[in-house]
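Here is a short briefing for a first look.

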Amino acid sequence: MKFTIDWLKQHLDTDLNDKEIINNLTNVGLEVESFENAPSELDDFIVAKIINAQQHPNADRLRVCDVDIGKSETVKVVCGAPNAKKGLFTVYAGPGAIIPKNQMKLSISKIRGVTSYGMLCSEAELKLSDDSEGITELSEKYKEKIGKKYFDTKTPKVVDLSITPNRPDCLGVRGIARDLAAAGVGSLKKIKDSKLNQNFDQDLKVTIKKEKKQGCTIFGSCLIRGVSNKESPQWLKDKIVSLGQKPISAIVDITNYVMIDLNRPLHAYDADKVSKEIIVRNSKKGETFEALDNKKYSLDDDMCVISDHSGVLGLGGIIGGTRSGTELETKNIILESAYFLPRSIRKTSKLLNIDTDAKFRFERGIDPKSIEAGLIKAADLIKEVCGGEVSKFDIQRLEEEKTNKVKFEISLFEKITGFKIEKKEIIKIIFNLGFKIKENKESLDLEIPSWRPDITQPIDIVEEIVRIKGYEHIQTLTPEKSRLKPTLNRQQKLFHFLQRSVASKGFYETVTWSFADSKINNLFREKYNEIKIVNPISSDLNVLRNSIFPNLIFYLKKNVDRGFKDLSFFEIGPVFSGTKPGEQLTVIGALQAGKYFRLNWQETERNVDVFDAKRDTIQTIVEAGFSKNKLIIKDQAPSYYHPGKSGSVFLSTEEDKPIAFFGEIHPNIVKKLDIKTDALIGFEIYLDYFKETKKKLKDQKSQFKYSDYQKSERDFAFVIDKKIKAQDLIDIIVSIDKDLIKNVKVFDVYEGENIPKDKKSIALNVTVQSSEKTLNEKDLEKINNLIISTVESKSGAKIRS
Amino acid sequence: MSDIKKIKDGYLNKLDKDQNIESINQIKTELFGKNGIVSNEFKKLGLVSQEERKKFASDLNFIKEELQNKITSKIEEIETKEINLKLENEKVDVTLPERDFKQGKIHPVSQVIDEISSIFSEIGFSVEEGPDVENEYNNFTALNTPDNHPARDMHDTFYLDEKKELLLRTHTSPVQVRTMLKGKPPFKIIAPGRTYRSDSDQTHAPMFHQVEGLHIDKDINMGHLKGCLNYFIKEFFEVDKLKMRFRPSHFPFTEPSAEVDIGYEIKDGKIIIGEGDKWLEILGCGMVHPNVLKNVNVDPSKFQGYAFGIGIDRLGMLKYGINDLRAFFETDYRWLSHFGFDPLDVPSSYRGLSR
């Protein structure tokens, strides 16, 4: 909402200066976006210097000038002035500029085969003098001003307010003045009485059709006969220009002016173009009309249209049609001032995708009692500017508008705001806002002003009082440190812990979109359905992600392409399994690319591999408080992992959902996405599948038991079928005697020479220790033999001798 | 006895000069071996008269001890010298690189969420969460924003179905609705999380983060709201002085509503929060609208309180001098390295919010 301070002062009597007014606007809740000088048409005229002037190839009297306009490159201008010569300082106007003398709008044009970008102006063209002999000659003093504005324009400063949707009344200058007056900035001026002399009837019949979903409830109009439409007078033009709009004609400018002034949209029809009568009715599917934006609209059922016998004239409260639009030749006009229902306006404009000033206002709620005030102000102005005779007003209405009331308990104010103000002051504030008040002992009976559709209940009154009184009166109470429950629940603590645990292993945490490119997402989608976004921000972010990996791998590739070789990224966040609220899982996804050691003066280079991923996965889970010995590792993983180099982790044998996957990323995916890396591994941890441990850490610590008896270590090497897993071998050994066998460690795996092709050799180190005595040779021999015989019988392995 | 004293002096002299371990061992044998000089002297003990024996024995022991001490210290001296020499030869160039270590990073958004949670934890708030996909009711209608309300235009919404019933939440406020529907007052929660709007430029990203706050009890008023936010902003920006301005505004789900500005100035191209004469809008808040309370089965005549919504990314940008919002979500290794936090740097009230 834009306006000038001068305009405001037509409604507000105040001694305050601009700055104080601006501050007060903010304080009452009318947010000031900017307060700057309005643009001027004269801004387009800039100081320039002719760098070079050559004879036009096809015209004796014309010259082609290279002109310095303060930009990096000069522009070519064709000029006919005899004084256009090299080195001259002059005034340049670019394409789009309007020449003050003849109001001609410049455009890029070809003059005798040479393209001219703009014009060099004479003093006459600039309305500075009558000298039209040659172009303006400026002194050397202008050397410093090349590219700057030639005219030192003093346009008024324009206030731009950001009006919240609840305040349609402040989409008019008068509404703003009323709020300021209530806040003590001054007093609201009375609207001058009309001098209109209305002594004939509006003879065009107007009907609002009574039908379901009728979007118009009041239609006021008057006929103005014998006008002579013209260019607006300067004061009006200035106002229109100051709002950043273009003056069109007096009649159109006046309707726009009244709209901004009183927040009262109006529409003017050329009365001679309306066929017989005006009918306000619902549209029928397929009806079409050409609107003032020069677009043709095809209507649906039940849109509120203003029509005549030949069809649709315009969409009520949204946009008029070209057929009945006013022109400079228009002699008789019908001026419309109506009330349209916000819901209807909103629905129609959404369906047709039209946004106009009128629509913006009607959908927020126009004062239904401003019909006549709008007609009076506009008719007065039209009569003054364009002449003519004004008819009596014709006001059709479907129903009498109601006055809304609310009962306000005065104590509510302190209850909500925490501070008290006098009843007298409360009454003063709401009276100045336009409420009618009946005073009771503890309460007020209020009649809500017709321009405030946002006010319906007592809390709205509290807001009115406190914003006008000033938010600075609200106390700042020191917060109490009382707690209702722990800050984080178990799952949130797990989130927090795992996040920092993974990061501590050298991974960079990242946050990527919850949406992904369906093409990449499909590589990681597995069993889930694709979740499409109906209106995605772009075609490559068109689905909700089913995994962390699609985005992570996309950005990993970007970094690889930037020349980074060894990268570790992870993200913790939602992945989606369905379209319903809650069909999402919290997952950690981590990717690591490149080498573990690179260009290292001590270590041999090696690529990252599945066991790096496994270490990070297991360590993270163990750090989160789960026992490594209880974890079950299986060799199944989703299809986006390397089928032979990936696995899953289960918290126990009973769990059916893995808490994690790890492995190398499938080479086909690396190839398909063209990721130029030595190796790519990843892991995923599913936070929702961690079963909730029942005990808190303080209850989990069991009695501290240890043995000081001597422990004994013994190495075994078994030749075993390749299919048998190392973990199986370990499980067999541990289960022989859980009390005695304290640790089993694989320290070598060998396949190749001296070992049959379908076999491998696994070397294990077993630690044996009793908690009751020091084991003697005989005891050790016994357990060693038992280990060998059990492993051999249960796994078909053979001890290597 | 005088002989043996002379011999002793001779050997002490010799030991002073001798440098290597072998010759010392030789001396040791000469003195204390089976037929060593000192050993032989002891053998003479029986021959000495009764009255002289005690003195003889004592003198002899004294000499033995003196020689032995000398030998021991000499050996130690030589061994130390040898070890030092050996270590000298083992010297490496310690300026060669250490074994590689990897330092991970926590994303600024996560760090800021933890900072926020830590601050609100101090004044008794607990953390609630809600789903990213919401229904139209929780995101709008329950929050007093019916379908025909122009306020809906302020939220460019992503939809998951043509009927526009399922959407990506445009703010964290639906967590208020969920929290109140499943529990009974009082409520004192914050809800950080991802939010989505179909808007994208330098200052807007289609996904961003908000933290919602909600405190409902019997007598929570605007003074509590102001106090809570004043406390939070001071703690968050770690400043003693803070210029804060409450300005009337409008949100459908709160009334009265306010936007909060904080004072700032620009010094050497950097934003300094707290003082200065410029205002920066950082959050929206207000008293929860009675219609919202009714929608979640809380009796507005018995309970009341405030709610607020803060843009997390923006807070992070202001505190840590980050210019571009979109960079938050672009996973640039260099950016994460520069703006990320060490994982051990966990914000807490006792250790301080940030280093």
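Domain bounds come from an automatic or database domain assignment. This is a predicted model: local features need pLDDT of at least 70, side-chain atom pairs count only at pLDDT 80 or more, and totals for chains, interfaces and linings use all residues. Residues are numbered from 1 along each chain as its sequence is written, with chains lettered from A and ligands numbered from 1 in written order.

**Domains of chain A**
- The assignment for chain A lists domain 1 (2–39 + 155–188), domain 2 (41–145), domain 3 (205–397), domain 4 (405–473), domain 5 (490–689) and domain 6 (707–799).
- Between domain 4 and domain 6 of chain A, the C-alpha centres are 85 Å apart.

**A helix pair in chain A**
- Helices (H or I, at least four residues) and strands (E, at least two) are DSSP runs, numbered from the N terminus.
- Axes are lines fitted to C-alpha atoms, for helices over the stretch in contact, and angles run from 0 to 180 degrees between N-to-C directions.
- Helices α4 (residues 234–242) and α5 (residues 250–262) of chain A pack at about 60°, their axes 10 Å apart.
- Residues are in contact if their C-beta atoms, placed from the backbone, lie within 7 Å.
- A:Leu236, A:Lys239 and A:Ile240 of α4(A) meet A:Asp253, A:Asn256 and A:Tyr257 of α5(A).

**Chain B against chain A**
- The contact takes 71 residues from chain B and 75 from chain A.
- On the chain B side, α8(B) gives the largest share, eight residues.

Notes
Two residues are in contact if their C-beta atoms, placed from the backbone, lie within 7 Å.
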